[in-house]
Amino acid sequence: MCRVLITGAGGFVGRHCLGPLVKRGFEVHALSSSGKYIPQSGVVWHRDDLLESNCVRPLLAKIKPSHLMHLAWVTDPQTYRQSTANLAWVEVSMQLVREFYECGGRRAVLTGSCAEYDWNYGLCREYETPLRPATLYGTCKAALYSAFEQHVLDHHLDGAWARLFFLYGPHAPMTKIPGVVIEAVEKGAVIKCSHGNQLRDFMYVLDAADALVELLASDLQGAVNVATGQALRVNEMIAAVTDYCGGHRLVQLGARRTGEHEPPLVVADSTRLNRELNWAPKFGYREALVETIQWWRENETQLVR
């Protein structure tokens, strides 16, 4: 049996990877810095903060994982773009990678972001679109990617870099589309939006988690966009929410100015994911939105904002 260490296991994406990892046959060791464990059969929890302790080598020596899925990073929805903690995560992530392989680890999958790309290009291809981030977060993710990929190539190691796009679903911070709209209309509050003509590659988090697990279990190397490959207008996503919840009059499209540097299109080329990994999303966005709304209604009092 393969043994995986998953960092950030209690976070938005990580929690959704646990079940698929167990189902895929992994012995799962989940790392959380908060101590808030998610009961899950087949998952062994460990509490440590990678940034606050010298736990990397002892943890790896104790667990002896064959696989690594590294999701932990800055998570505060209000500050992550410019937080100096991004710099610390580059350093500790490379330490984790280096020592994972030194301790006998076989395959690592690290998670990046579409924020690494130059969004002026619109269509994001792994090895064609320039990496020209506009935030410290994106810059640090791109820096880690460059170091990780070179390390893997130089030492003939097994590893992949998953670039996540615009994720939504249960446990997402309620500060972005569609969560911010769901919360407003469910509470009967007016929400001022931009025109909503921007095209984005939205992906349901359960699909993203499934893709990450398939990528970990594969032998696919290098950067891989984890996205639908389909562009959806923001106002279409908003309309789907109000079609289900009501509250059309509460959403004021065009009442907020679009950011000066906000691109009209950000969408992934998902060829590597679809053809080389032979993976495709299982959820349509309307079905996924209904599940997200229903989850919000059941958990409204404990949401991250």
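In this talk, a residue is called buried when its relative accessible area is under 20%, exposed when that area is over 50%, and partly exposed in between, with a 1.4 Å probe and protein chains only. By that scale Val22, with a relative accessible area of 27%, is partly exposed.

Good morning, colleagues. The structure before you is a predicted model, in which local features need pLDDT of at least 70 and side-chain atom pairs count only at pLDDT 80 or more, while totals for chains, interfaces and linings use all residues. Residues are numbered from 1 along each chain as its sequence is written, and side-chain values use heavy atoms, with hydrogens and water left out.

Let me stay with Val22 for a moment. Val22 belongs to helix α1; helices (H or I, at least four residues) and strands (E, at least two) are DSSP runs, numbered from the N terminus. Contact, here and below, means heavy atoms within 4.5 Å. Not counting residues up to four places away in sequence, Val22 touches Val28, Ser41, Gly42 and Val43. From Val22 to Arg132 the C-alpha distance is 37 Å, and the two are 110 residues apart in sequence.

I turn to the interior. A nonpolar core is a set of buried Ala, Val, Leu, Ile, Met, Phe, Trp, Tyr and Cys residues joined through side-chain atoms within 4.5 Å. As general background, nonpolar side chains in soluble globular proteins tend to be buried together. In this model the largest nonpolar core has 37 residues, and those with the most contacts inside it are Ile6, Val13, Cys17, Leu21, Met69 and Leu212. Two or more residues each come from β1 (3-7), α1 (14-23), β2 (27-32), β3, β7, α6 (205-217) and β12 (222-226). Which element gives the largest share of this core? That element is α6, with eight residues. Val13 is in contact with Leu71, Leu164, Leu167, Val205, Ala209 and Leu212, leaving aside neighbours within four places in sequence. There is also a second, separate core of 32 residues, which includes Leu110, Cys140, Tyr145 and Trp161.

Next, the helix pairs. Two packed helices are described by the angle between their axes and the distance between the axes. The axes are lines fitted to C-alpha atoms, for helices over the stretch in contact, and angles run from 0 to 180 degrees between N-to-C directions. Angles under 35 degrees count as roughly parallel, over 145 as roughly antiparallel, 65 to 115 as roughly perpendicular, and the rest as oblique.

The pair of α3 (residues 85-102) and α4 packs at an angle of about 20°, with the axes 9 Å apart. The two helices are therefore roughly parallel to each other. Among the α3 residues that meet α4 are Leu87, Val90, Met94 and Val97, and the α4 side includes Cys140, Leu144 and Phe148. For residue classes, Ala, Val, Leu, Ile, Met, Phe, Trp, Tyr, Cys and Pro count as nonpolar, Asp, Glu, Lys and Arg as charged, and the others, Gly among them, as polar. The contact of α3 with α4 divides into 12 nonpolar, three polar and one charged.

For α5 and α9 (residues 285-299), the axes come within 11 Å and cross at roughly 55°. These helices are therefore oblique to each other. Ile182, Glu183, Glu186 and Lys187 in α5 meet Thr292, Ile293, Trp296 and Arg297 in α9. Their contact holds three nonpolar residues, one polar and four charged.

Which residues of α5 are buried? They are Gly179, Val181, Ile182, Glu183, Ala184 and Val185, and they pack against β9 (191-192), α7 (234-245), β14 (251-252) and α9. Just after α5, Gly188 takes a positive phi of about 75°.

Finally, some loops and their backbone. In the loop between β8 (166-168) and α5 (179-187) we find Pro178, which is joined to Ile177 by a cis peptide bond with omega about 0°. His171 lies in the loop between β8 and α5; its phi is near 80°, a positive value in a residue other than glycine. His171 is partly exposed, at 30% relative accessible area. The loop between α4 (136-154) and β7 (158-164) holds His156, which has a positive phi of about 55° although not a glycine. His156 is exposed, with 73% relative accessibility. Asn54, in the loop between β3 (43-47) and α2 (56-63), is exposed at 76% relative accessibility. The C-alpha atoms of Asn54 and Lys23 are separated by 32 Å, the two residues being 31 residues apart along the chain.
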